Amino acid sequence: MRKGNCPKCNSQKILRNVRVIDRNGDYQDKSLSVRLERKPGALLFKGAETFDLSACICGGCGYTELFVDNPAELWRAGENCT
Ligand SMILES: [Zn+2]
């Protein structure tokens, strides 16, 4: 839905790159994100990297899709996971 109409209702009213908030129990708003761990089995130093998510939202039916803001960077980080 980054391009084109809504796949659910075919509306052209699409809001793109909307920030998705994660409050995480405190009063500071953060962006919802995914965390990639290069060494998930390690006790410490898991090689974690965090990537923000943003949303595309249909103004006709409310259908929402999430996207990683920088997929190429996430892919490069994930290619060498152990
Ligand atoms: Zn829709």
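Predicted model: local features only at pLDDT ≥ 70, side-chain atom pairs only at ≥ 80, totals over all residues.
Let me begin with a contact between two side chains: Glu 49 and Arg 38 meet in a salt bridge, at 2.5 Å from N to O, where a salt bridge means a side-chain nitrogen of Lys or Arg within 4 Å of a carboxyl oxygen of Asp or Glu. Glu 49 belongs to strand 5 and Arg 38 to the loop between strand 4 and strand 5, so this pair ties together parts that are 11 residues apart in sequence. Helices (H or I, at least four residues) and strands (E, at least two) are DSSP runs, numbered from the N terminus.

Residues are numbered from 1 along each chain as its sequence is written, and side-chain values use heavy atoms, with hydrogens and water left out. The pLDDT, which is the predictor's confidence in each residue from 0 to 100, averages 89 for the protein, and 96% of the residues score at least 70.

Is Glu 49 buried, partly exposed or exposed? Glu 49 is partly exposed, at a relative accessible area of 25%, and Arg 38 is likewise partly exposed, at 34%; buried means under 20% relative accessible area, exposed over 50%, and partly exposed in between, with a 1.4 Å probe and protein chains only.

The structure holds two salt bridges, and in the one between Arg 23 and Asp 29 the closest N and O atoms are 3.0 Å apart. Here Arg 23 counts as exposed, at 52% relative accessibility, whereas Asp 29 is partly exposed, at 37%.

Now to the metal: which residues are the protein donors of the zinc ion? They are Cys 6, Cys 9, Cys 58 and Cys 61, each through SG, lying 2.3 Å from the ion; donors are N, O and S atoms within 2.8 Å of the metal (3.2 Å for Na, K and Ca), and since water is not among the atoms, sites may look incomplete. Cys 6, in the segment before strand 1, and Cys 61, in the loop between strand 5 and strand 6, link distant parts of the chain, 55 residues apart. The arrangement is tetrahedral because the four donor atoms subtend angles of 101 to 114° around the zinc ion, and four donors count as tetrahedral if all angles lie between 85 and 135 degrees. Cys 6 is buried, at 3% relative accessibility, whereas Cys 61 is partly exposed, at 44%.

Definitions and conventions. Tetrahedral: all angles 85-135°; square planar, octahedral: opposite > 155°, others 65-115°.
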